[in-house]
Amino acid sequence: MFVTHLSLADFRSYPSVELALEPGVTTFTGANGQGKTNLIEAVDYLATLGSHRVASEVPLIRHAAERAIVRARVQAGLEDPRQLLLEVELLPGRQNRASLNRAPLRRPRELLGALRTVVFSPEDLALVKGDPSERRRFIDELITTRWPRLAGVRADYDRVLRQRSTLLKSLSGRSRAVPDGAAATLEVWDESLAGFGAELVHARVRTLADLTPHVQRAYAAIAPANNDAVLDYRSSIGPTPETSAEELQARLILAMSQRRSDEIARGVCLVGPHRDDIVLGLGELPAKGYASHGESWSFALALKLAAFDLLRTDGVEPVLILDDVFAELDQVRRERLAGMIAGAEQVLITAAVAADVPDVLGGRRYTVGDGAVRAGDDVRA
């Protein structure tokens, strides 16, 4: 799939943009702060309903504007002319509105799956060097891209986690037994949390098993040495790709009952996928703390390229977005990366310096500056 047209209204720095896009490689160049990343961020937002740069949607709306609109026309494939029109209206303080082919959707997340993207940006170095939450977010975004219905499961899990955490906090520090009513309520939340949590863990472990050989190939292709990449899912309930969701649910319920006194004493949920991690290694050593900057950068890039390859194996051709990536790579890694992505249906690249992008990629190039997007002498803003 690929985007054929992007329309923005009051998104980030743009009052208005109408931009025609094509399959193949498109590169946006310009000085930092001119708005090139805003363009690819908008494309990714339509695919994920989130930003790879900020957690809140408020910065996505142009200063003093009441709302922002992101709209894109998406073609199913090079040999498939079917098209969809996706639109999201961002409304600060209210629920966003979304439409598909101009038909309003009940909830924005019903748009998920209409467009698939894989984004790699400098922030993704945190996948290797950052906290477990960064790696959980990576795998959760990938499972949602593979199976869009899991967006609802994630939302339900987060809702139950908040409610259960609130109850535990209200019980924390008690010197007496937990009242019968509170104990019964806690058991209800245990069942719900375990049910949704088991689905998430099952999808995570299955996806990580599918992803690992792609990561290993991608890292070996990028890194000239020490290229034995290892990934391991760490959880207190010991899941494997063969463990059923029903078994995982039973293990979560048992683990919560075993940690009940600790959870009440501390007032927090100590069991569940929100506590898990993906341990990354190079050979026998953990990547975090031992990998050099170049190795960490290569590992993070390998994770994203592997996600892209996995989706293609699933029969999906996602849009690949590389945000200011080539500046961080030496010439050898640039050329290797260019060779790995040349066959993608659509690649969107941002770069401060055009020379950073290997000529072998070719494609269409735009210059971004002064609030405009230009192709040669053609101003598209």
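Colleague: At what angle do helix H3 and helix H5 pack?

Modeller: This is a predicted model. Helix H3 spans residues 132–146, and helix H5 spans residues 180–222. Their axes lie 10 Å apart. The two helices pack at an angle of about 90 degrees.

Colleague: Are H3 and H5 roughly parallel or roughly perpendicular to each other?

Modeller: Take the packing angle of about 90 degrees. Angles from 65 to 115 degrees count as roughly perpendicular. H3 and H5 are therefore roughly perpendicular.

Colleague: Which residues in H5 does H3 meet?

Modeller: H3 brings Arg136, Phe138, Ile139, Asp140, Leu142, Ile143 and Arg146 to the contact. Across both helices, the contact residues divide into eight nonpolar, one polar and five charged. On the H5 side they are Leu200, Ala203, Arg204, Thr207, Leu208, Asp210 and Leu211.

Colleague: Are H5 and H8 oblique or roughly parallel to each other?

Modeller: Helix H8 covers residues 293–313. Its axis and that of H5 come within 7 Å and cross at roughly 125 degrees. Angles of 65 to 115 degrees count as roughly perpendicular, and those over 145 as roughly antiparallel. H5 and H8 are therefore oblique.

Colleague: Is the crossing of H5 and H8 left-handed or right-handed?

Modeller: H5 contributes residues including Thr207, His214 and Ile222. H8 contributes residues including Glu295, Phe299 and Thr313. The contact residues divide into 13 nonpolar, four polar and three charged. The crossing of H5 past H8 is right-handed.

Colleague: Is Asn101 exposed or partly exposed?

Modeller: Asn101 sits in the loop between strand E6 (97–100) and strand E7 (103–104). This residue has a positive phi of about 55 degrees, although it is not a glycine. Its relative accessibility is 41%, so Asn101 counts as partly exposed.

Colleague: Is Asp370 buried or exposed?

Modeller: Look in the loop between strand E14 (364–369) and strand E15 (372–375). Asp370 is not a glycine, but its phi is positive, about 55 degrees. Exposed means over 50% relative accessible area. Asp370 has 71% relative accessibility and therefore counts as exposed.

Colleague: How many Å apart in space are Thr48 and Ile253?

Modeller: Thr48 is in helix H1, residues 36–48. Thr48 is partly exposed, with a relative accessible area of 34%. Leaving aside residues up to four places away in sequence, Thr48 touches Leu112 and Thr117. Thr48 and Ile253 are 205 residues apart in sequence, and their C-alpha to C-alpha separation is 31 Å.

Conventions
Residues numbered from 1 in each chain as written. Predicted model: local features only at pLDDT ≥ 70, side-chain atom pairs only at ≥ 80, totals over all residues. Heavy atoms only, no water. Axes fitted to C-alpha atoms, helices over the stretch in contact; angles between N-to-C directions. Helix = DSSP H or I, 4+ residues; strand = E, 2+ residues; numbered from the N terminus. Parallel < 35°, antiparallel > 145°, perpendicular 65-115°, else oblique. Contact = heavy atoms within 4.5 Å. Nonpolar A, V, L, I, M, F, W, Y, C, P; charged D, E, K, R; others polar. Left-handed = near helix turned anticlockwise from the far one by under 90°. Buried < 20%, exposed > 50% of the residue type's maximum accessible area, 1.4 Å probe, protein only.
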